[in-house]
Amino acid sequence: MNIDYFKCPKYVTNSLFIKKALSLNLSLEEFLMLTYFDNDYTSFLNMDELSKNIGISTEKAYEVFTSMLTKKIIDVKTDKDIEGRLIERVSLDNFYAMIIEDEKKVLKEEKKTDIYKEFETEFARPITSMEYEIINAWLEHNYSEELIVGALKEAVYNGVKNLRYIDKILFEWNKKGFKTMADINNHLEKRNTIKKEDSELFDYNWLDDED
């Protein structure tokens, strides 16, 4: 062995991969095996080659492989080679799906943070813990952030800076089946028979609407 040995291609992975692997408390052998499959895009199941490449015994490789199958981190799918013979291929789709789901949760939390800041900006003060819980309840009841911000801006336009008023607006919009601000603007356009500017939304009294 010489220094050139260390200049050969190495296994690489990204930070999201590592972050998720750490969160699962994988053993060193499990992490090495997962990284190997992440880099081996053919992913043909060859336990002897696998054990050789990650530096563990074949017996240990079977043990680690079975552990990750049990945890549903990896999966084995049957495929056919170019000659039509059945082969087993290792899939990391389950693991990648975990990473994607985690990122969705992160983005959702970031959006929540932004919407709270939106309220503090419009109210020109920090929101209270009670207001925080009410806004969070709206989000958990599947009111879209777009609709919540729209109701906030309408309330501020009308000089009413409290969540009870905003809650009533959201209730009326939900009762009419509105999911986006586009739904609301379309409703106003049809009601008034002519195209309206977005700003006219704030001249409409939703709480007295009988439709």
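## Overall architecture

In this report a helix is a DSSP run of H or I covering at least four residues, a strand is a run of E covering at least two, and both are numbered from the N terminus. With that convention, Met181 has its place in helix 9, which covers residues 181–192. The model described here is predicted.

The protein contains nine helices and two strands. Read from the N terminus, its elements follow the order α-α-α-α-β-β-α-α-α-α-α. Of its 211 residues, 33% count as buried. The accessible surface of the protein comes to about 13,900 Å², and carbon and sulfur atoms account for 53% of that surface. Among contacts between residues at least 6 apart in sequence, 52% join residues at least 24 apart.

## Helix 1 to helix 2

Asn25 is located in the loop between helix 1 (15–23) and helix 2. Asn25 has a positive phi of about 55°, although it is not a glycine. Asn25 counts as exposed because its relative accessibility is 66%, and exposed means over 50%.

Helix 2 covers residues 28–39. Buried residues of helix 2 include Glu30, Met33, Leu34 and Thr35. Tyr36, Phe37, Asp38 and Asn39 of helix 2 are buried as well.

Thr35, a residue of helix 2, has a relative accessibility of 8% and therefore counts as buried, the limit being under 20%. A polar atom of the Thr35 side chain lies 2.8 Å from the backbone oxygen of Phe31. In general, an α-helix has 3.6 residues a turn, so residues three or four places apart point the same way.

## Helix 3

Ser51 is found in helix 3, which covers residues 47–54. With 5% relative accessibility, Ser51 falls under the 20% limit and so counts as buried. When residues up to four places away in sequence are not counted, Ser51 touches Ile56, Ser57, Thr58 and Ala61.

## The strand hairpin

Strand 1 (residues 75–80) and strand 2 (residues 86–91) run antiparallel and are joined by six bridges. Within this pair, Asp79 stands opposite Ile87 in strand 2.

The two strands form a hairpin with five residues between them. Gly84 lies in the turn and has a positive phi of about 85°.

## The nonpolar cores

The largest nonpolar core has 24 residues, of which Phe119, Trp138, Ile166, Leu170 and Trp173 touch the most other members. Helix 5 (93–123), helix 6 (129–140), helix 7 (145–157), helix 8 (163–175) and helix 9 are the elements that give two or more residues to this core. Apart from it lies another core, of 21 residues, among them Met33, Phe37, Ile54 and Ala61. In soluble globular proteins, nonpolar side chains tend to be buried together.

Trp138 touches Phe119, Tyr143, Ile148, Leu163, Ile166, Asp167 and Leu170, with residues up to four places away in sequence left out of the count.

## The loop between helix 5 and helix 6

Ala124 is found in the loop between helix 5 and helix 6. Phi of Ala124 is near 60°, a positive value in a residue other than glycine. Because its relative accessible area is 66%, over the 50% limit, Ala124 is exposed.

Glu145 lies in helix 7. With a relative accessible area of 23%, Glu145 is partly exposed, because this value falls between the limits of 20% and 50%. Glu145 and Lys179 are 34 residues apart in sequence, and their C-alpha atoms are 9.9 Å apart in space.

Met181, in helix 9, has a relative accessible area of 15% and is therefore buried, the limit being under 20%. The C-alpha atoms of Met181 and Gly150 are separated by 7.0 Å, while the two residues are 31 residues apart along the chain.

Methods: Residues are numbered from 1 along each chain as its sequence is written. This is a predicted model: local features need pLDDT of at least 70, side-chain atom pairs count only at pLDDT 80 or more; totals for chains, interfaces and linings use all residues. Side-chain values use heavy atoms; hydrogens and water are left out. The expected span of a helix is 1.5 Å times one less than its number of residues. Buried means under 20% relative accessible area, exposed over 50%, partly exposed in between (1.4 Å probe, protein chains only). Two strands pair if DSSP finds at least two bridges between them. A nonpolar core is a set of buried Ala, Val, Leu, Ile, Met, Phe, Trp, Tyr and Cys residues joined through side-chain atoms within 4.5 Å. Contact means heavy atoms within 4.5 Å. A polar contact is a pair of N or O atoms within 3.5 Å; within protein, one must be able to donate a hydrogen and the other to accept it, and residues adjacent in sequence count only if both atoms are side-chain atoms. Accessible areas come from the Shrake-Rupley method with a 1.4 Å probe; for residues, only the protein chains shown count as cover.
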